[in-house]
Amino acid sequence: MKKFLLSAALLCSATLCFAQTRSLFNGKDFTGWHIDVPAMEKDSSTPSPFIIRNGMMVSLANPQGHVITDAVYENFRLDVEYRFPGKPGNCGVLVFASKPRMLYSMFPQSIEVQMMHQNAGDFWCIGENIEVPDMETRRGPRENWGTTEGKERRIKNLTDNSEKPLGEWNHMRIECRGNTVKVWVNGDLVNEGTNATASRGQIALQAEGSEVEFRKVDLTPLKRNRKQ
């Protein structure tokens with residue numbers, strides 16, 4: 001009986017632990033992350049495009065690069081709150097990141113979830129692939145598809161009307177279960193891809209074209225669907 005109770009307690013504890021949401025950003029420094037910016041490697045005096053400001057992680061846009069988690073994740077929900085405090089521009093969240101600087105000697109192999117103003121929720125294939133319904137309508141002619149330089153790597157989202165006005169906070173939710181990736185922007189399901197060629201990897205945020213503030217980067221572990 002004691003053995004049974006102990007087993008039940010351990011199972012319950014593991015279940016609670018599994019569902020626990022935690023922040024990937026401590027609001028103070030880049031503990032748990034590393035910065036990969038080619039220009040900083042070429043010239044050690046180059047300032048980092050990633051800073052901590054008022055308890056937020058901030059991408060200053062230039063020089064271009066990424067801040068990447070040290071840990072590898074699979075089967076998770078990522079909740080990101082972000083805004084463009086100045087002029088609108090480009091940025092993105094990368095999931096399933098692996099090989100550094102695989103594309104254009106800067107982008108890690110991954111699937112990018114676009115945050116570019118008025119395009120939030122697009123997929124960009126970076127050395128990995130993912131499929132959506134109406135693929136040719138949303139990606140272009142099949143013969144142009146690919147995951148490397150010169151190929152059609154963009155898969156358009158389902159709606160460009162889900163973002164908040166400039167200066168306001170947006171909430172992006174990215175749910176990765178097995179080889180499926182779903183994206184919500186401010187509660188709207190804006191993209192869903194299946195048969196991704198990766199199902200685990202690091203998570204990265206970009207410096208790419210415009211200043212972006214991040215006040216939340218929360219991760220919740222998920223169970224993989226049995227049918228996947």
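Student: What should I know before reading the model?
Tutor: Residues are numbered from 1 along each chain as its sequence is written, and side-chain values use heavy atoms, with hydrogens and water left out. As this is a predicted model, local features need pLDDT of at least 70 and side-chain atom pairs count only at pLDDT 80 or more, while totals for chains, interfaces and linings use all residues.

Student: How confident is the predictor, going by pLDDT?
Tutor: pLDDT is the predictor's confidence in each residue, from 0 to 100. The protein averages 91, and 90% of the residues score at least 70. Over residues 1-17, however, the pLDDT is below 50, and beyond near neighbours in sequence this stretch has zero contacts in the model; a contact means heavy atoms within 4.5 Å. Where pLDDT is low, the predicted coordinates should not be read in detail.

Student: Why is W33 called buried?
Tutor: Buried means under 20% relative accessible area, exposed over 50%, and partly exposed in between (1.4 Å probe, protein chains only). W33 has a relative accessible area of 6%, so W33 is buried. This residue lies in strand β2, residues 33-36; strands (E, at least two residues) and helices (H or I, at least four) are DSSP runs, numbered from the N terminus. Leaving out residues up to four places away in sequence, W33 touches L24, F25, M57, V67, I68, T69, D70, I203, L205 and V217.

Student: What makes the approach of D36 to R101 a polar contact?
Tutor: A polar contact is a pair of N or O atoms within 3.5 Å; within protein, one must be able to donate a hydrogen and the other to accept it, and residues adjacent in sequence count only if both atoms are side-chain atoms. The side chains of D36 and R101 make such a contact at 2.6 Å. D36 also lies in strand β2, and its relative accessibility is 13%, so D36 counts as buried. The side chain of W33, for its part, reaches the backbone oxygen of L24 at 2.6 Å.

Student: Why is the pair of Y82 and F84 called edge-to-face?
Tutor: Rings of Phe, Tyr and Trp (its six-membered ring) pair if their centres lie within 6.5 Å; planes under 30 degrees apart count as stacked, over 60 as edge-to-face and the rest as tilted. The centres of the Y82 and F84 rings are 6.2 Å apart and their planes stand at 90°, so the pair is edge-to-face. Both residues are buried. A search of the whole structure finds two aromatic pairs; Y73 and F76 also form an edge-to-face pair, at 6.4 Å centre to centre and 65° between the planes.

Student: How do you know that β3 and β4 pair?
Tutor: Two strands pair if DSSP finds at least two bridges between them. Four bridges join β3 (residues 50-53) to β4, and the strands run antiparallel, with I52 opposite M57 in β4. They form a hairpin with two residues between them, and N54 in the turn has a positive phi of about 55°. Three bridges join β4 to β16, also antiparallel, where S59 stands opposite V212.

Student: Which way do the side chains of β4 point?
Tutor: M56 and V58 point one way and M57 and S59 the other, and all are buried. In a regular strand the side chains alternate between the two faces of the sheet.
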